[in-house]
Amino acid sequence: MLWPMLPTAPVLHQATPATPLSLDSWHPDDLLEQLVLVGCRTQQARQALLQLAKGTWQTATPWPVLLATLGKTARKSVELLVIAPVELQVTDDRGSADATRKLLLRTHDGHLIETVVIPSTTGTRTTVCLSSQVGCGRRCTFCETGRSGLIRNLTAGEIVAQLRQAQRSWQRHSPELAPIRNVVFMGMGEPLDNLAEVATAVAVLTHDRGAGLSWRHVTVSTVGVAHKISAFFEQVQAHLAVSLHAPDDARRSEWMPINARCDLATLKSALLQHLPPGREVLVEYILFADRNSALADAELLCGWLAGLPVRVNLIPANPGPDPQLGAPPAEQVWQFQKYLLDRGIRAMVRHPHGRDIGGACGQLAGAHRREAVNRQGPDGVDEDAGANAPL
Ligand code: SAH
């Protein structure tokens, strides 16, 4: 017997939601397909989504007003599937001496996450550092976020909402500096432990029916979850950065628990196997005084880097939970960099931004810090002192 041809179901990047999702929790391509399935014509749906993107990203039109500008069919379809973009409540928004801003944002269920806006020293490029989780389950010994453990994943809508809030704050406080056009996933959390939501968020950030940023301006930083690297490149169009931090397995395992299950050789072969042709990986290497910053360590690092298309960011350690892990003197940082440069490896030193407001790499610990502040009582509390105080 011949079976009638059935229309094939669209392949979705995420499961169809039983209840509507916030605008930024939808992969833009999925949303288009779903709008068509519930009765919109493709062109109508595409137009409606462009209107929603423009209204939410460029003109900041309130959601109900924006819905009212859509045609009747499009509006009905959108209302079936989509609710307003997530709003995160700003509980703190402070600037540092170097114009970096740190936002402390509260989710609908009361968790605190941190988002940092970092202008380049020339003021011509501005980067936002987004969080992908509340807390982090990876527990690197030098990182403040890891101390709280993982509390929960953020949704794509909550990840994207950080950029919306950051843009508002940036326009209000630093309109003379370049607008935010670069995104790094280097805030709280391990992005590859929340890959589906991070993938959707990156799609929203880089889609013309979303925030419209260039994917080349988006970098996702991972602790090095080797078995998820192929999925990352399949699902996410963005640069990958890998936190290496140690030139051998003994030291990496001491500082980064992931290394016990996924050692340096495994990480390198995953990168060699899955890095798309023509792309390079950004390798992050924190320099700790007397621990990993000797020239012999630079030599070991060069050995690991050999054969990989890389750029290297050297990060003088910021104060974190372990007082033993401090930054080396500047002279040693330059010597380490020079060693790499002399061997043809592009290595930059990442200067700390926003250290005075606890906004530098490894200092983010919003929920954790707030608990400490609450325990100490609301009066006269210096939050920055709270950030690094032993809890
Ligand atoms: N989980 C991801 C992204 C979050 S951390 C990752 O591990 O890559 C972003 C970057 O800040 C990482 O390279 C991380 O190792 C680094 N970092 C953490 N603690 C730091 C510290 N005390 N000083 C300098 N950099 C730190």
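Colleague: Is His245 buried or exposed?
Modeller: This is a predicted model, so the answer rests on computed coordinates. His245 sits in the loop between β11 (239-243) and α8 (249-255). Buried means under 20% relative accessible area. At 4% relative accessibility, His245 is therefore buried.

Colleague: What is the phi of His245?
Modeller: Most residues other than glycine have a negative phi. His245 has a positive value and is not a glycine. Its phi is near 70 degrees.

Colleague: Where does Arg139 lie, and what is its phi?
Modeller: Arg139 belongs to the loop between β7 (133-135) and β8 (150-153). Arg139 is a residue other than glycine, yet its phi is positive. The value is near 50 degrees.

Colleague: Which residues form the nonpolar patch on the surface with Val38?
Modeller: Val38 is in the loop between α1 (28-37) and α2 (42-57). Because its relative accessibility is 35%, Val38 counts as partly exposed. The patch has about 290 Å² of accessible area together. The residues that form it with Val38 are Leu37 and Leu80.

Colleague: What is the volume of the largest pocket, and which residues are closest to its centre?
Modeller: The largest pocket has a volume of about 1000 Å³. Its lining counts 34 residues. The closest to the centre are Arg125, Thr127, Val184, Asn313 and Arg350.

Colleague: Which strands each supply at least two residues of the lining of the largest pocket?
Modeller: By class, this lining divides into 17 nonpolar, 12 polar and five charged residues. The elements that each supply at least two are β5 (112-119), β6 (126-129), β9 (180-185), β10 (218-222), β13 (310-316) and β14 (347-349).

Colleague: Which residues lie nearest the centre of the second largest pocket?
Modeller: This pocket holds about 660 Å³ of space. Its lining has 32 residues. They divide into 17 nonpolar, nine polar and six charged. Nearest the centre lie Thr56, Trp57, Gln58, Arg164 and Gln167.

Colleague: Which element gives the largest share of the lining of the second largest pocket?
Modeller: α2, α5 (156-173) and β9 each supply at least two residues of this lining. The largest share is six residues. That share comes from α2.

Colleague: Which residues lie nearest the centre of the second largest cavity?
Modeller: The lining of this cavity has 13 residues. They split into nine nonpolar, two polar and two charged. Nearest the centre are Leu23, Pro28, Leu31, Arg209 and Gly210.

Colleague: Which element gives the most to the lining of the second largest cavity?
Modeller: The elements that give two or more residues to the lining of this cavity are α1 and α2. The top contribution is four residues. It comes from α2.

Methods: Residues are numbered from 1 along each chain as its sequence is written. This is a predicted model: local features need pLDDT of at least 70, side-chain atom pairs count only at pLDDT 80 or more; totals for chains, interfaces and linings use all residues. Side-chain values use heavy atoms; hydrogens and water are left out. Patches are made of residues with over 30% relative accessible area and no salt bridge: like charges are joined within 9 Å, nonpolar side chains (Val, Leu, Ile, Met, Phe, Trp, Tyr) within 5 Å. Accessible areas come from the Shrake-Rupley method with a 1.4 Å probe; for residues, only the protein chains shown count as cover. A salt bridge is a side-chain nitrogen of Lys or Arg within 4 Å of a carboxyl oxygen of Asp or Glu. Buried means under 20% relative accessible area, exposed over 50%, partly exposed in between (1.4 Å probe, protein chains only). On a 1 Å grid over the protein atoms alone, a cavity is a set of points where a 1.4 Å probe fits but cannot get out, and a pocket is an open set with protein on both sides within 12 Å along at least five of seven lines; lining residues have an atom within 4 Å of a point. Ala, Val, Leu, Ile, Met, Phe, Trp, Tyr, Cys and Pro count as nonpolar, Asp, Glu, Lys and Arg as charged, and the others, Gly among them, as polar. Grid points are joined across faces, edges and corners, and a volume is the space filled by probe spheres set on the points.
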